[in-house]
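Dear colleague,

Please find below the structure that I am handing over to you. My notes on it follow directly after.

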Amino acid sequence: MLSALRRPGWGLRGVGRARASGPHRRDISFKLDERTAHSSLDLSKKGTSVIYRMLGIDPTKVPQNPERFREWAVVLGDAAVSGGQHYWEVTVKRSQQFRIGVADVDISREGCIGHDDRSWVFAYSHRRWYVMLANETTPIRNVGNPERVGLLLDYEGRKLSLVDVGKQVLIHTLDAEFQGPVVPAFALWDGELLTHSGVDVPKNLRDS
């Protein structure tokens with residue numbers, strides 16, 4: 001299913017439908033894919049965190065592979081989802097300007113997530129949360145300042161939800177018109193994001 005959409009050199013791992021190891025497990029485990037990372041982003045050796053470097057690396061010093069984002073500080077996860085329900089979390093307390101969500105596996109590397117209809121994004125900037133789709137921004141009210149958030153993806157239901165992990169509540173759910181496999185997607189312009197995959201859905205949301 002995925003291989004037909006895979007471009008040469010884009011070594012994504014297919015996840016497909018969720019295979020639960022327990023009654024509330026969403027089976028996605030991923031690392032940040034260094035091959036997609038913009039030259040201003042520094043990934044941890046374990047591939048679970050990303051740090052924004054203002055000066056970054058000279059773009060001529062990084063491999064010029066087709067997967068890499070060239071204009072915007074974006075990095076993608078290395079596992080593609082084409083069905084089922086999946087959940088992961090992101091520690092966001094060390095960044096004040098970022099975007100998190102999902103994107104088509106072959107989204108243009110010239111743009112940024114949230115700029116087109118091939119990515120579905122929650123953004124944080126100026127101490128406020130927003131939904132971003134096709135370069136349109138909609139404020140999310142009464143979010144507070146969670147240090148760690150979750151993303152709950154329902155592929156068949158065409159929904160992506162933002163979760164306050166500390167309070168174990170849904171913050172907001174956006175509708176999504178998925179056309180093919182999607183991957184976790186991240187962009188940031190200061191600080192650090194730390195990803196957590198292979199985790200359980202919070203107790204209060206297990207029937208969501």
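**Findings**

Val90 lies in strand S6 (residues 85-91); strands (E, at least two residues) are DSSP runs, numbered from the N terminus. This is a predicted model, in which local features need pLDDT of at least 70 and side-chain atom pairs count only at pLDDT 80 or more, while totals for chains, interfaces and linings use all residues. Residues are numbered from 1 along each chain as its sequence is written, and side-chain values use heavy atoms, with hydrogens and water left out.

**Val90 and its surroundings**

With a relative accessibility of 0%, Val90 counts as buried (buried means under 20% relative accessible area, exposed over 50%, partly exposed in between, with a 1.4 Å probe and protein chains only). Leaving aside residues up to four places away in sequence, Val90 touches Glu147, Arg148, Val149, Phe186, Leu193, Leu194 and His196; contact means heavy atoms within 4.5 Å. Val90 and Ser197 are separated by 107 residues in sequence, yet their C-alpha atoms are 8.7 Å apart in space.

Phe186, one of the residues touched by Val90, also belongs to an aromatic cluster with Phe30 and Trp88. The count of aromatic pairs comes to 7, where rings of Phe, Tyr and Trp (its six-membered ring) pair if their centres lie within 6.5 Å, and planes under 30 degrees apart count as stacked, over 60 as edge-to-face and the rest as tilted.

Strands S8 (residues 119-125) and S9 (residues 128-133) run antiparallel and are joined by 5 bridges, with Ser125 opposite Arg128 in S9. S8 and S9 form a hairpin with 2 residues between them. S9 is in turn joined to S10 by 5 bridges, again with the strands antiparallel, and Tyr130 stands opposite Pro139 in S10. The hairpin of S9 and S10 likewise has 2 residues between the strands, and Ala134 in its turn has a positive phi of about 55°.

How many residues of strand S12 are buried? Of the 6 residues of S12 (residues 159-164), 5 are buried, so this strand is largely enclosed by the rest of the structure. Strand S11 (residues 148-154) runs antiparallel to S12 and is joined to it by 6 bridges; the bridge partner of Gly150 in S12 is Val163. The hairpin of S11 and S12 has 4 residues between the strands, and Arg158 in the turn has a positive phi of about 55°.

A further 6 bridges join S12 to strand S13 (residues 169-175), also antiparallel. Val163 stands opposite Leu170 in S13. The hairpin of S12 and S13 has 4 residues between the strands, and Gln168 takes a positive phi near 55°.

**Positive phi in loops**

Most residues other than glycine have a negative phi, and most peptide bonds are trans. His126, although not a glycine, has a positive phi of about 55°. The place of His126 is in the loop between S8 and S9, and His126 is exposed, with a relative accessible area of 71%. Asn142 also has a positive phi, near 55°. Asn142 is found in the loop between S10 and S11 and is exposed, with a relative accessible area of 81%.

**Confidence**

The mean pLDDT of the protein is 86, and 83% of its residues reach 70 or more; pLDDT is the predictor's confidence in each residue, from 0 to 100. Over residues 1-10 the pLDDT is below 50, and this stretch has 17 contacts in the model beyond near neighbours in sequence. Residues 16-25 also have a pLDDT below 50, with 22 contacts beyond near neighbours in sequence.

Yours sincerely

Terms used:
Two strands pair if DSSP finds at least two bridges between them.
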